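I want to go through this chain slowly and write down what I look up.

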Amino acid sequence: MRVSAADLAEFEFYTPSRSAGSVLVIDVDRPEAVLDIFDTIPPEIRPSWIVETRKGAQAGWMIDTVDLRSTARERPIAYARAIGAALREALAGDEAVDPLTPVRVRNPTYIRAELRASATPPVYGLKQLHQALKTADLWPEGMRFTGRSATKKAHRAIAAAIDTGNRNQTVFDVARHAAYVGEDFEAVAWQTNDAAPEPLKAAEVRGIIRSIAGYMANHRGHRSTVAMPSQMRELLSEMGRRGGLANTAAQRAARALGPTASAAARKPRTDTKARTAQKMRAQGHSAAAIGRKLAASPATVYRWLRRHVRHQCRFSSVEHQVIQRPPRRSTAPSAGSLPGHLRYWPHPRHQTPAPRCTRQPPPTGP
């Protein structure tokens with residue numbers, strides 16, 4: 001259920017939003033939980049609130065909002081999850097509670113909650129929490145997440161190698177990669193240009209920035225993707241090596257035949273589908289229904305219906321185009337219920353045109 005902010009104090013629990021994370025929650029299930037939180041966590045990053053429970057306590061750190069939607073960038077989400085895991089390990093919290101996306105959280109504004117919080121609870125940045133945990137030796141040793149973009153060093157190396165011949169392309173590449181990972185690509189573009197021996201004009205740099213900004217603003221533009229695991233990448237590479245090294249006799253024979261062999265193999269199937277499409281059209285089916293039945297696009301269906309069919313005539317072999325239209329549905333009475341002079345006949349244009357055969361002229365000469 002959804003309630004207004006004024007009625008929130010009447011509920012003991014709430015479910016955080018699944019599209020945005022604004023708090024890290026650590027659940028500590030032991031009687032001395034409150035004392036452990038104050039003894040372990042440095043004073044500069046004390047929890048925004050602590051709610052005491054019968055089994056222990058639940059601490060919450062309000063953080064800068066992190067986008068959790070499917071189209072969001074993965075790096076901020078991974079950074080927030082790493083900090084939440086470090087806080088949970090430092091306090092020996094409940095492993096079943098995800099700090100960033102918990103299923104249910106105790107409401108600190110609940111009217112009967114045993115709350116410990118200041119008048120203005122602090123809101124922390126992820127980098128602030130990270131640095132304080134590292135200073136207090138609370139950051140796990142196996143966790144190597146730095147929180148900084150790994151592309152900055154590459155940007156500096158690329159900028160140092162800029163020459164006059166590829167300044168525009170280098171500035172564009174460095175700035176767009178910074179935009180992909182969520183950095184300030186405008187500042188990166190100016191810094192890269194300043195590092196060149198002969199910087200570009202300001203108008204050219206602004207044009208590059210406008211181009212990148214327009215691309216990032218487009219809903220069809222760059223989207224964040226999940227990196228392929230190294231095991232999967234190695235497996236695909238091994239499959240590609242095996243396929244390239246096989247070079248069997250059958251593969252060599254297929255390559256020797258060229259595209260003509262594949263076209264000859266496809267033609268009988270295409271002719272069969274064309275005849276089926278013409279038959280279904282004669283039965284009154286629409287082009288859309290034929291396409292769904294034969295798994296073909298409307299353009300392909302119409303091309304099949306326009307195919308030429310060879311018809312043998314008594315005098316000559318005539319190649320013509322057969323066009324069959326379904327008869328018009330009429331609401332008129334049946335022909336048998338009317339007098340002969342009032343009977344309904346279909347219009348001639350709705351009849352299937354018969355093939356015309358041209359008689360060959362007699363041979364000339366003796």
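This is a predicted model: local features need pLDDT of at least 70, side-chain atom pairs count only at pLDDT 80 or more; totals for chains, interfaces and linings use all residues.

**Entry 1: R106 and the ground rules**

Residues are numbered from 1 along each chain as its sequence is written, and side-chain values use heavy atoms, with hydrogens and water left out.

R106 lies in strand β5, residues 105–106; helices (H or I, at least four residues) and strands (E, at least two) are DSSP runs, numbered from the N terminus. Leaving out residues up to four places away in sequence, I find that R106 touches E12, F13, Y14, V51, T53 and Q58, where contact means heavy atoms within 4.5 Å. I also looked up G60, which is 46 residues from R106 along the chain, with 9.5 Å between the two C-alpha atoms.

**Entry 2: the whole chain**

I then stepped back and noted 12 helices and nine strands in the protein chain. Of its 366 residues, 28% are buried. Among contacts with a separation of 6 or more, 69% are between residues 24 or more positions apart. The chain exposes about 25,100 Å², and carbon and sulfur atoms supply 54% of this area, which comes from the Shrake-Rupley method with a 1.4 Å probe.

**Entry 3: α5 and its two partners**

How do the axes of α5 and α6 cross? Helix α5 (residues 167–180) and helix α6 (residues 185–194) have axes that come within 8 Å and cross at roughly 155°. That makes α5 roughly antiparallel to α6, since angles over 145 degrees count as roughly antiparallel, under 35 as roughly parallel, 65 to 115 as roughly perpendicular and the rest as oblique. The axes are lines fitted to C-alpha atoms, for helices over the stretch in contact, and angles run from 0 to 180 degrees between N-to-C directions.

On the α5 side I listed V171, V174, A175, A178 and A179, which meet F185, V188, A189, T192 and N193 in α6. The residues of this contact divide into eight nonpolar, two polar and no charged; Ala, Val, Leu, Ile, Met, Phe, Trp, Tyr, Cys and Pro count as nonpolar, Asp, Glu, Lys and Arg as charged, and the others, Gly among them, as polar.

I looked next at helix α7 (residues 202–217), whose axis comes within 10 Å of the α5 axis and crosses it at roughly 35°. Here N168, V171, F172, A175, R176, A179 and Y180 in α5 meet E204, I208, S211, I212, Y215 and M216 in α7. I wrote down nine nonpolar, two polar and two charged residues for the contact of α5 with α7.

The contact is made by A287, I290, G291 and L294 of α11 together with V301, Y302 and W304 of α12. Its residues divide into six nonpolar, one polar and no charged.

A295 sits in the loop between α11 (287–294) and α12 (298–305), and I find it exposed, with a relative accessible area of 71%. Its phi is near 55°, a positive value in a residue other than glycine. I reminded myself that most residues other than glycine have a negative phi.

D137 lies in the loop between α3 (126–135) and α4 (151–160) and is exposed, with a relative accessible area of 69%.

Is D271 buried or exposed? D271, found in helix α10 (residues 259–282), is buried, with a relative accessible area of 19%. D271 and R307 are 36 residues apart in sequence and 9.0 Å apart in space, C-alpha to C-alpha.

P122 lies in the loop between β6 (114–116) and β7 (123–124) and is partly exposed, with a relative accessible area of 28%. Leaving aside neighbours within four places in sequence, I noted that P122 is in contact with S48 and M62.

Definitions and conventions:
Buried means under 20% relative accessible area, exposed over 50%, partly exposed in between (1.4 Å probe, protein chains only).
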